[in-house]
Amino acid sequence: MPSKLEQLRSGIDRLTPLFVLIDPMVGEPLPGIGAPEPGADMNLLRKQLWQREIVGIALAKAIALPPHLHPYLVQLQGPDDPLLGLTLDLAEDERAAAQAGGLDGEGRAAHRIGGWLQSSMQPEELAGLVASMCRLDTDAYTKATYLRLGDRRVLDLLCHVVDASRVAGQFGRLQSWDYLDPAGRLRRLRSPGEQAAPLRLSAGEWQRLVRGELLHRTVAQWLGEIAQTDGVPPEVLYAAAESAVEHAASAARVWPHRFKTAGDEAVWAVLSLLHPSLPHAPAVLKLLADSGSEDDPPEPMRYLHRDVRSLAQQASAVLNR
């Protein structure tokens, strides 16, 4: 079986310029650039660090984000460029860090490698196209302006919510966009033609994306708990996670003393995915209902997952006798 790097290389057109998209919002993927000095030329610093041409992506003025946190492109020297393998390794490390520990982890990690793009446009044109796709356009009433596609988790969730064909319909002469999904699979979006069709989200689609942070945590902790991920299709992965997150929100309303943070809801969502009988186990419900006392306050769900899991397993064993 070909390695993941070989799979990525095999789909790259050697005659079309290749770029890697970087999202530096929570830091640069390579060490060497800290907080910029006033007036510092970030593209020059990045060029020195990557030893490749850098193309800055100037986001719309409505997006209130300092310029040094805007995404940018690194132009690679074709599929044999060592930086292709390096950035793939970095993406794998980011995914592993998010899933490390399963329920004992946080389900979060910086995702700085947005994917690998090929385009026949001039680099500045490509940067402008990516910037336009990052400008949120929706029927919903919201103050949000940034669709953070440099974070590949957002791109992957967007493909689930609106369908990959609508996402790729924006590409025009951005011929392809490869990225690593949460399950470690390489996914490729291809432009259907040179005519780009801007994407406008319905109010309902935007509301599903708003839950993204909790969904990403749930998916990461869930995948961190299960051994096999190759058999979980993306549409099943997100559909199950969305349902679990909705159930967790309901549980949080019933037992607010057990759900203090989004992390508590993510843990309950994952537990319900791992143990479908969980919401009906009397011992689990009794534990959740226990509001403790002034001397012994109730622990939040994120600290109870071992106890809840044990009770769920016991209940399941009784049902299966």
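Me: How many bridges join strand 1 to strand 4, and which way do they run?
Reply: In this predicted model, strand 1 (residues 18-22) and strand 4 (residues 113-119) are joined by five bridges and run antiparallel.

Me: Which residue in strand 4 stands opposite Leu18?
Reply: Gln118.

Me: What's the strand order in the open sheet?
Reply: The order is 2-3-1-4-5-6, six strands with antiparallel pairing.

Me: Which strands stand at the edges, and why is one side of each left without a neighbour?
Reply: Strand 2 (54-56) and strand 6 (186-190) are the edge strands.

Me: What does helix 3 lie across?
Reply: Helix 3 (residues 82-99) lies across strands 1, 3, 4, 5 and 6. With strand 4, helix 3 makes an angle of about 145 degrees.

Me: New topic. How much space lies in the largest pocket?
Reply: About 340 Å³.

Me: Which residues lie nearest its centre?
Reply: Arg148, Asp151, Val154, Glu213 and His216, out of 19 lining residues. Helix 5 (152-162), helix 7 (203-210) and helix 8 (212-225) each give two or more residues to that lining.

Me: What about the lining by class?
Reply: Eleven nonpolar, three polar and five charged residues.

Me: And the second largest pocket, what volume?
Reply: About 170 Å³. The residues lining the second largest pocket include Asp41, Arg46, His68 and Tyr72.

Me: Which helix gives the most to that lining?
Reply: Helix 2 (residues 42-50), with three residues. By class, the lining of the second largest pocket has six nonpolar, four polar and two charged residues.

Key. Residues are numbered from 1 along each chain as its sequence is written. This is a predicted model: local features need pLDDT of at least 70, side-chain atom pairs count only at pLDDT 80 or more; totals for chains, interfaces and linings use all residues. Side-chain values use heavy atoms; hydrogens and water are left out. Two strands pair if DSSP finds at least two bridges between them. Helices (H or I, at least four residues) and strands (E, at least two) are DSSP runs, numbered from the N terminus. Contact means heavy atoms within 4.5 Å. Axes are lines fitted to C-alpha atoms, for helices over the stretch in contact, and angles run from 0 to 180 degrees between N-to-C directions. On a 1 Å grid over the protein atoms alone, a cavity is a set of points where a 1.4 Å probe fits but cannot get out, and a pocket is an open set with protein on both sides within 12 Å along at least five of seven lines; lining residues have an atom within 4 Å of a point. Grid points are joined across faces, edges and corners, and a volume is the space filled by probe spheres set on the points. Ala, Val, Leu, Ile, Met, Phe, Trp, Tyr, Cys and Pro count as nonpolar, Asp, Glu, Lys and Arg as charged, and the others, Gly among them, as polar.
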